[in-house]
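Visitor: Please walk me through this structure, one point at a time.

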Amino acid sequence: MTEKIVIGVDVGGTFTDILAFEEKSGRVSVAKTPSTKKDQSKGFLEGILKTTNDLSLVSTIIHGTTVATNALLERKGAKTGIITTLGFRDVLEMRRRDRPKTWGLWGTFTPVVERKNRLEVSERTLADGTIRSPINEKEVENCAKTLLENGCSAVCLFFINGYANPENERRAAKVLRSVWPNKHVSVATEILPEIREFERCSTATLNAYLQPPVANYLGRLETRISVERKKSEILIVQSNGGVMSVETAKSLPIRTALSGPAAGVVAARQIAKAAGFENIITGDMGGTSFDISLIANNQNMLTSQANIDFGMTIRTPMIEMTTIGAGGGSIAHIDLTGLLEIGPESAGSDPGPACYGFGNDRPTVTDANLVLGRIDASNPIGGKQKSLDYDAATRAVDNHIAKKLNLSIHDAAEAIIKVANAKMSGAIRLISIERGYDPKKFALMPFGGGGALHAGALMKDIGLSASIVPRYPGVNSALGCIMSDLRHDEVRTLNISLEELDCKNLAKNIEEITVESKKVIDRSKAPLIKKERIIELDMLYLGQTHSVSVSVSDDLKKLTRQNIEKAFLKSYTRAYSRPLEGISIRILNLRVSMIGVRPDIDLFVFSKGERAEETSDCVISKQKIYSNGAWHEAKIFDRLLLPGGSIIAGPALLTQPDATIFIEPKMNAKVDSYGNIILSEEMF
Amino acid sequence: MDAVTLAILKGRLEQIADEMDATLFRSAFNPIIAEAHDASHGIYDAHTGETLIQGKSGLPIFVGVMAFAVQAVIQKVSSGDDLKEGDVYIFNDPYDGGTHLSDFRLVKPIFRNGAVFCYIASVGHWHDVGGNVPGNYNPKATESFQEGILIPPVKLFNEGRLNQDIVNILSANSRLPNSLYGDLNGQINALDLGEERLHSLLDEYTEEKITSALKELRERAEKMMRQHIVALPNETIAVEDYLDNDGVTDDPLTLAIDLTIKDDKMTIDFSKSSDACAGPVNISKSTTIAATYVALKHIFTDVPANAGVLKPVEFIIPEDCFLNVRAPKPVGGYTETILRLIDVIFQAFQNSASDRVNGCAYGTINALSLSGYRKNGSRWVMFSFFGGGHGGHPEGDGLNHGNAPISTATIPPLEILEAAYPIQFTQWGLRPNSGGKGKHRGGLGAIYEIELLEEEANAFLFGERGKFAPKGVIEGEEGALNQFFYGYEANDPPEKQLSPPLKSKITGIGLKRGQRVRLETPGGGGFGKSSERSLEKLNYDLEQGYVTETKDD
């Protein structure tokens with residue numbers, strides 16, 4: 001019989017993670033394979049073949065990719081040109097007049113487009129949409145010619161105030177597309193018709209810069225897959241946690257800038273929902289960083305903007321993620337005032353922690369965990385090496401920390417963990433407060449290889465009631481891929497006061513965007529159970545510059561000024577506690593998101609599979625663990641074999657191929673019916 | 001205290017200040033706070049007012065100056081004010097721990113067991129506080145009364161009850177009362193949050209533990225600064241630089257220091273600097289000390305933001321100097337003076353710490369304002385600060401179009417300005433040839449040209465570096481001078497373009513529809529000899545148009 005398989009593939013810096021899901025039987029198989037940096041599509045296919053040998057059974061492949069992220073960080077996009085309004089060729093380079101660091105004036109910034117490839121044409125639209133000078137088509141043509149002669153393979157068209165009236169840009173785009181020899185033309189108002197010239201120009205330019213490499217990569221991927229199998233659909237994960245068709249990804253590659261991490265958060269939300277947790281904070285601990293994201297009332301937080309690097313601003317909806325330099329590879333050191341500090345320097349995965357034995361002799365967070373017995377040295381995760389070098393880790397902690405602070409090696413290692421934990425919990429608190437949430441009402445969901453080593457301590461630091469460790473914490477992003485819905489976001493700048501708002505016109509505007517967005521969703525052949533629409537307004541008081549996002553009803557008949565005002569006051573009060581009397585309210589932007597909901601995956605399947613009869617059957621070995629200044633005897637369990645309902649009292653270690661879970665003394669762990677581990681100080 | 005607990009408490013305390021910053025930035029009304037982050041929050045000693053902890057994201061210049069504001073409140077209390085839990089003081093007195101009148105401070109005592117444990121404070125730059133010109137940068141002011149309303153330390157809250165009368169007085173004295181009301185609310189929100197967080201930290205760790213952590217952090221900061229000073233050679237270096245004029249009399253002002261390094265101590269003697277002047281580029285002593293701290297922290301970037309850092313530094317600032325004035329000497333243009341002070345300190349360290357310094361940045365805030373009335377009679381005021389080049393540095397060329405060293409301000413998007421005011425930018429670009437030559441070239445300044453779309457408007461500029469260009473270091477050359485032109489139309493010949501007699505400062509420019517103003521800002525100074533610049537870089541600059549063959553002066 002034929003069994004349809006859905007496959008999630010997350011290509012990260014070190015590993016390509018695969019999760020294959022057989023729709024009928026619910027069988028899940030997981031694989032990790034080294035990423036192939038030169039051509040990610042190679043490792044991609046190798047990984048898939050590890051989970052299934054018959055590609056003809058694969059119905060859908062959903063892919064989280066770092067091709068765009070890497071091209072941006074390593075400045076390996078295409079040679080790109082900009083055609084812009086007379087007087088404004090330097091918008092990209094002038095940024096918003098910032099600098100990289102508050103203290104110290106040693107900044108430098110090289111934009112992705114050279115100055116000589118930023119050309120101007122005489123045209124101008126005013127802020128109210130009036131066209132002061134129309135375009136001269138010949139001028140646009142000449143600019144295109146010059147850029148091609150200079151070797152550009154992609155081009156961005158960006159006119160000042162295009163958001164207020166895109167007429168000039170549209171006419172110029174028509175000319176440009178007729179003479180440009182490929183599809184790599186990014187038109188600023190097509191990508192982001194929103195006020196703020198630098199943010200729009202930067203987003204559109206980076207999109208153009210990414211078009212050739214991303215389109216080439218996806219092309220190669222399609223070829224590789226279709227050689228093996230004709231009809232499987234490939235979908236690409238966007239930074240907003242939704243997926244899009246390969247065609248859309250080729251023209252809007254900028255929307256994949258945070259593709260992989262976003263998928264992980266999508267998985268977290270669904271796992272938490274199934275397990276009965278509405279409010280969670282995710283903590284993804286990798287080699288160099290700890291990524292935090294908030295999920296409140298079962299909704300992912302979206303942000304409208306992020307900087308990939310200094311001056312590389314992307315404005316498109318993205319799952320909000322805060323990254324701090326506290327990963328497994330973050331290096332501990334003593335600063336000039338004699339204080340213990342963790343990071344920002346990191347040993348990454350190459351050379352990696354001292355215990356990897358690849359040449360780093362300074363202590364990392366992972367080394368400290370190993371010294372304390374919180375990692376099983378004989379079972380390192382990821383499979384990059386057979387065992388970890390305990391002595392190297394001990395030496396690193398001793399030489400660089402213990403001797404300088406006059407502490408025992410184990411107390412020094414515990415100090416490293418405590419300071420790293422304080423950094424993570426501080427960041428979690430700050431993020432919750434900035435969004436107006438009390439962190440104490442949240443549960444923690446750690447993932448990544450090392451996240452679950454710190455979960456207990458973070459819970460105590462922040463005052464969280466529980467942690468929930470998913471069944472496959474190390475391949476969470478690949479799992480998120482298969483759970484993502486199709487999604488398309490659009491924005492329009494309105495910039496009018498609430499009193500001036502014509503609600504009929506607004507509804508018409510929304511309907512127009514809806515029609516276009518549906519077309520984008522329909523480009524994919526993936527089966528959908530329904531389509532949903534989210535309508536939001538960016539609103540503020542007259543005179544403010546930061547807006548709050550206000551959700552309004554999808555029922556356009558309810559779109560009245562009174563209802564909009566009510567919704568605004570609710571959002572504003574939640575964010576700032578004090579609404580303001582007698583000041584006019586403005587609407588800056590309209591945002592419409594169309595979501596194509598894919599069939600749910602019944603997470604209950606994770607409770608299936610091979611299990612032991614008794615909890616005690618899962619003990620692999622014993623190990624001494626150092627915690628709170630004392631040694632404890634602890635058992636090591638095979639996590640995946642634990643039967644549902646198992647309860648384990650700390651201290652204990654649970655191991656699995658992709659992660660380690662540390663249950664602190666006085667903490668309890670329970671395996672729930674979905675195969676998650678719930679950590680709590682309460683007795684179950 | 002053990003090093004681990006200390007490291008944790010340091011993070012927790014800093015976070016409280018950071019959370020206060022975040023609260024104000026997000027809810028403030030005026031772009032100078034919301035976008036430019038011209039605000040700051042911190043925790044201060046109950047008895048000395050010294051800075052204990054300061055937020056990371058606030059305006060650098062406030063890091064040093066806020067301690068003096070808290071001291072002003074402590075003084076007021078010791079001279080008889082009855083201090084109760086729930087009180088909040090408000091003031092903007094620039095001579096009593098302030099900077100200029102635009103910066104409003106809120107200071108709140110935190111009580112534990114019936115006694116003041118510490119103070120928390122919030123400062124923010126309000127959009128308009130009265131005076132002769134909108135936005136309060138009046139280059140012609142000869143007394144502070146012409147710069148705006150002055151509020152001495154008074155109670156805004158009395159045991160938790162808001163004194164609405166004070167809000168009414170403040171609102172009545174501003175051209176933009178809504179903006180003022182919004183910013184004030186944001187600052188109150190920030191203090192509320194700070195107090196709540198501090199109490200829960202104290203509940204968790206006890207007063208004794210927090211007190212000893214704060215003491216230890218100060219001592220460690222002092223030790224670190226001394227280590228930096230000890231690494232420098234013992235010597236005295238004299239440096240001077242100049243301000244164009246004070247906006248009233250067209251004479252240059254000298255900002256001179258004698259910097260003496262002696263073992264682990266540093267003395268900065270300002271005695272050779274000019275006397276107090278008629279116009280608004282005077283500063284108070286507290287501002288002078290705070291600006292010095294900013295310069296030192298740009299050079300020794302790892303020193304923490306607390307009072308310990310200045311312990312090994314001795315200041316000599318004579319009473320008659322323009323860096324130590326009292327009421328009612330005008331101080332509205334304090335930004336220009338402190339930027340020059342920072343330049344002088346960079347120059348003073350160029351030989352002894354050549355691996356730490358950089359060429360001078362553009363050195364002026366360039367406060368430019370256009371204002372008038374719309375057809376419907378409503379008033380508009382466009383007021384903004386403009387950017388320029390940073391200096392070349394050991395690692396490379398200076399940053400093009402950066403923000404001022406005293407702030408982390410970003411510039412509002414030109415599309416936001418065009419949507420809000422009846423103006424059109426006709427140019428917003430880099431200024432070729434403006435970076436000082438050197439092994440590492442200074443970053444480029446900018447050219448901003450604005451055309452008026454309404455019938456009439458008034459313009460003024462408060463800038464600097466119109467006569468004395470930003471200097472380079474270690475034989476790097478000067479950046480370009482600041483230039484301002486006005487009163488011409490699109491196709492007018494250059495001779496129709498007017499320039500201010502005082503170069504960088506002018507008020508009362510009348511503009512008609514279609515007329516333009518143009519600001520060409522300085523680039524940064526160079527780093528190292530220009531003869532050492534590689535041919536490759538020279539050619540790249542020419543190819544990209546950062547430098548052009550024919551230099552226009």
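Guide: Two strands pair if DSSP finds at least two bridges between them. Helices (H or I, at least four residues) and strands (E, at least two) are DSSP runs, numbered from the N terminus. This is a predicted model in which local features need pLDDT of at least 70 and side-chain atom pairs count only at pLDDT 80 or more, while totals for chains, interfaces and linings use all residues. Residues are numbered from 1 along each chain as its sequence is written, and chains are lettered from A and ligands numbered from 1 in the order in which they are written.

Visitor: Which residue of β28(A) is the bridge partner of A:L540?

Guide: Strand β26 (residues 530–541) of chain A pairs with strand β28 (residues 585–597) of chain A in the antiparallel sense, over twelve bridges. Within β28(A), A:L540 has as its bridge partner A:R586.

Visitor: And in β27(A), what is the bridge partner of A:I535?

Guide: Strand β27 (residues 548–552) of chain A runs antiparallel to β26(A), joined to it by five bridges. The partner of A:I535 in β27(A) is A:V552.

Visitor: Is A:A249 buried or exposed?

Guide: A:A249 is placed in helix α8 (residues 246–251) of chain A. A residue is buried if 20 or more other C-beta atoms lie within 10 Å of its own, exposed if 12 or fewer, and partly exposed in between, with C-beta atoms placed from the backbone. Because A:A249 has 27 other C-beta atoms within 10 Å, A:A249 is buried.

Visitor: Leaving aside neighbours within four places in sequence, which residues is A:A249 in contact with?

Guide: Two residues are in contact if their C-beta atoms, placed from the backbone, lie within 7 Å. With those sequence neighbours left aside, the contacts of A:A249 are A:V214, A:L218, A:I236, A:M244 and A:T256.

Visitor: Which helix gives the largest share of the side of chain A that touches chain B?

Guide: The contact takes 57 residues from chain A and 68 residues from chain B. On the chain A side, α3 (91–94), α7 (197–228) and α12 (409–434) each supply at least two residues. The largest share, ten residues, comes from α12(A).

Visitor: How far apart do the C-alpha centres of domain 1 and domain 2 of chain B lie?

Guide: Domain bounds come from an automatic or database domain assignment, which gives domain 1 (3–221) and domain 2 (358–553) for chain B. The distance between the C-alpha centres of these two domains of chain B is 33 Å.
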